[in-house]
Amino acid sequence: MTHLNAPQRNFLLKALPAEDFSRLLPHLEQVSLLVGDALYESGDRQHYVYFPVSAVISLHYLLENGGSSEIAGVGNEGMLGVALIMGGNSTSSRAVVQASGAAYRLSATILLEEFERSGALQRLLLRYTQALLTQMSQTAVCNRHHSVEQQLCRWLLLTLDRLSTNELKITQELISNMLGVRREGVTVAAGNLQRKGYISYRRGHITVVDRCGLEDDVCECYDVVKREFARLLPSTP
């Protein structure tokens, strides 16, 4: 295990008291996640939860016509699998790896045993769930009321917050699926951001050159999500 992929690189695990963390540590299994890996399908029973350390996971809702849209992202600030602690064993969304990297997998049985102790882990995960719900609701508002360019700024900033690099390996087609908009709209929005000098784009790669520029142009949705995570989970980046 390298320092860069240590369990404490996940901010939920890092926030646990030493005694609680030591109970979980023997059961945490490091796994490598690759772009496109599907960790859950809609309706699947969830046998594991995932604590990303360098990977980023995207939650998608799939429509009957084959369309999809991202409803939330999960990185080193959180955990994939909150349906388990809310009393359900599955969700209507699909979980797909957006950025390759490492995560720690924990069996649902162990998580629920620890959660039912009504200790630090329970309080931490309930606060995280509230922050995640804020992210989901704000994504819905943003997709309805803000321009594709503003949505792209929000998505880029939230993704950058979960990565240790300013370069994203992703195509415009995948971004259009994330935002639930036409690819042509993403092409225009990315072109505008590149002309402003905020990003550099080549096929399959986006490099953020001027993060402050993105922050100036983004809608308020980004700050709403960041403030809620900071309020509920002060240890997150």
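## Basis

The model is predicted: local features need pLDDT of at least 70, side-chain atom pairs count only at pLDDT 80 or more, and totals for chains, interfaces and linings use all residues. Residues are numbered from 1 along each chain as its sequence is written, and side-chain values use heavy atoms, with hydrogens and water left out.

## Annotated domain

An unreviewed UniProt entry places "domain: Cyclic nucleotide-binding" at residues 12-99; such annotations may be inferred rather than shown by experiment. This span is 12% helix and 38% strand, and its end C-alpha atoms lie 19 Å apart. Helices (H or I, at least four residues) and strands (E, at least two) are DSSP runs, numbered from the N terminus.

## Helices α5 and α7

Helix α5 (residues 148-161) and helix α7 (residues 183-195) have axes that come within 9 Å and cross at roughly 70°. The two helices are therefore roughly perpendicular to each other (65 to 115 degrees). V148, E149, L152, C153 and L156 of α5 make the contact with G185, V186, A189, A190, N192 and L193 of α7 (heavy atoms within 4.5 Å).

## Largest pocket

The largest pocket holds about 480 Å³ of space. A pocket is an open set of points on a 1 Å grid where a 1.4 Å probe fits, with protein on both sides within 12 Å along at least five of seven lines; lining residues have an atom within 4 Å of a point.

Its lining has 21 residues, with S54, A99, S100, L163 and T165 nearest the centre. β6 (94-99), α5 and β8 (167-169) each supply at least two lining residues.

Definitions and conventions:
Axes fitted to C-alpha atoms, helices over the stretch in contact; angles between N-to-C directions. Parallel < 35°, antiparallel > 145°, perpendicular 65-115°, else oblique. Points joined across faces, edges and corners; volume = space filled by probe spheres on them.
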